[in-house]
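This report describes one protein chain, beginning with a single residue and moving out to the whole fold. The sequence and the structure are shown first.

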Amino acid sequence: PSLKLSYFSLAGKAEATRLMLNIAGIDYEDERFGFQEWRGGVKATAKWGTCPFLTLADGKQIGQSKAMGRYVAKMAGLYPEDALQAAFVDDIVDGIDEIGPMVNGAGKGLEQAEKEAARVEEVTKGKVKVMLDTVEASIKSLGDGAGHSVGTTLTFADIVIFANTVNTFCGFFDGLSVDMLQDWPAIQSVNKTVSNHPAVRKYYDEGNGAKLGGMWTKEIRAQFLSARD
């Protein structure tokens, strides 16, 4: 493979890029590791000391997740050539990227029950709700009403919406569940479109997305599959 994508054994910030590589049919090495391996040596090889990172054939790295995603999106034909449409895609991608840290910060340092309650409140009444409402409105304004968030074809924004929202609500963050996404039907429509793409189905059914390990558990994988319905 001419590319190597390195990240933890979970969906997180690498899943959108993994999916786009599969959609494009690009051969790549999907390197996954645990937190101990990361601290024990892999981190020292990362350009920015963070992951995910993408290693190119010549050994150079792209070490910022959104830069990596845009590069692969362009190779996959998932990034609009029109400057304005591309800006609309970027607007959604950059906005939705803030949701995970918001959820993670909610209830930090509290006891388990209080932490879960704080996360639910953040999603139902707080900043995360505002962000998801904005994504929902953007899809309705910019998309085709048929599962595409910008224009009438699959884009980088659609892949990121799917990867980020399902990852946020899949059980990775205690207290949240994918059922909560029912409040945002346009997001769910995009998620259904992405999850039913033949290459995405293949990835989760028989590719690396079907291989369990680390924090990529049977239960979490099942939540990603549930977006098909």
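## Ser-138 in helix α7

Ser-138 has a relative accessible area of 17%, and because this is under the 20% limit, the residue counts as buried. The model is a predicted one. Ser-138 belongs to helix α7, which covers residues 127-142. Leaving aside residues up to four places away in sequence, Ser-138 touches Ile-92, Gly-143 and Ser-149.

Cys-51 sits in the loop between α2 (35-45) and β3. The relative accessible area of Cys-51 is 15%, so this residue is buried. Along the chain, Cys-51 and Gln-64 are 13 residues apart, and their C-alpha atoms are separated by 7.7 Å.

Which residues does Cys-51 touch, not counting those up to four places away in sequence? They are Ser-6, Tyr-7, Phe-8, Phe-33 and Trp-38. One aromatic cluster is formed by Tyr-7, Phe-8, Phe-33, Phe-35 and Trp-38.

## Helix α3

Helix α3 runs over residues 65-75, and Ser-65, Met-68, Gly-69, Arg-70, Val-72 and Ala-73 are buried in it. The buried residues of α3 pack against strands β1 (3-8), β3 (53-55) and β4 (61-62). They also pack against helices α1 (15-24), α4 (83-96) and α8 (156-169). Just after α3, Gly-77 has a positive phi of about 75°.

## Gly-105 in helix α5

Is Gly-105 buried or partly exposed? Its relative accessibility is 40%, so Gly-105 counts as partly exposed. The residue lies in helix α5, residues 99-105. Gly-105 and Lys-115 are ten residues apart along the chain, with 9.5 Å between their C-alpha atoms.

## Aromatic pairs

The structure contains twelve aromatic pairs. One of these is formed by Tyr-203 and Tyr-204, with 4.8 Å centre to centre and 70° between the planes. The pair is edge-to-face because the angle of 70° is over the limit of 60 degrees.

Both partners of this pair can also be described by their accessibility. Tyr-203 has 2% relative accessibility and so counts as buried. Tyr-204, at 1% relative accessibility, therefore counts as buried too.

## The chain as a whole

The secondary structure of the protein chain consists of eleven helices and four strands. Why does the radius of gyration agree with a compact globule? For 229 residues, such a globule would have a value near 17 Å, and the protein chain has 17 Å, so the two agree. Taken along the principal axes, the C-alpha atoms fill a box of roughly 45 × 45 × 30 Å.

Of the 229 residues, 49% are buried. When contacts between residues at least 6 apart in sequence are considered, 65% join residues at least 24 apart.

## Surface and charge

The protein chain has 25 positive and 30 negative charges. How far apart are the mean positions of the positive and negative charges? They are 4 Å apart.

Technical notes. Residues numbered from 1 in each chain as written. Predicted model: local features only at pLDDT ≥ 70, side-chain atom pairs only at ≥ 80, totals over all residues. Heavy atoms only, no water. Buried < 20%, exposed > 50% of the residue type's maximum accessible area, 1.4 Å probe, protein only. Helix = DSSP H or I, 4+ residues; strand = E, 2+ residues; numbered from the N terminus. Contact = heavy atoms within 4.5 Å. Rg over C-alpha atoms; globule rule 2.2 N^0.38 Å. Lys, Arg positive; Asp, Glu negative; His and termini not counted. Charge placed at Lys NZ, Arg CZ, Asp CG, Glu CD. Phe/Tyr/Trp six-rings, centres within 6.5 Å; stacked < 30°, edge-to-face > 60°.
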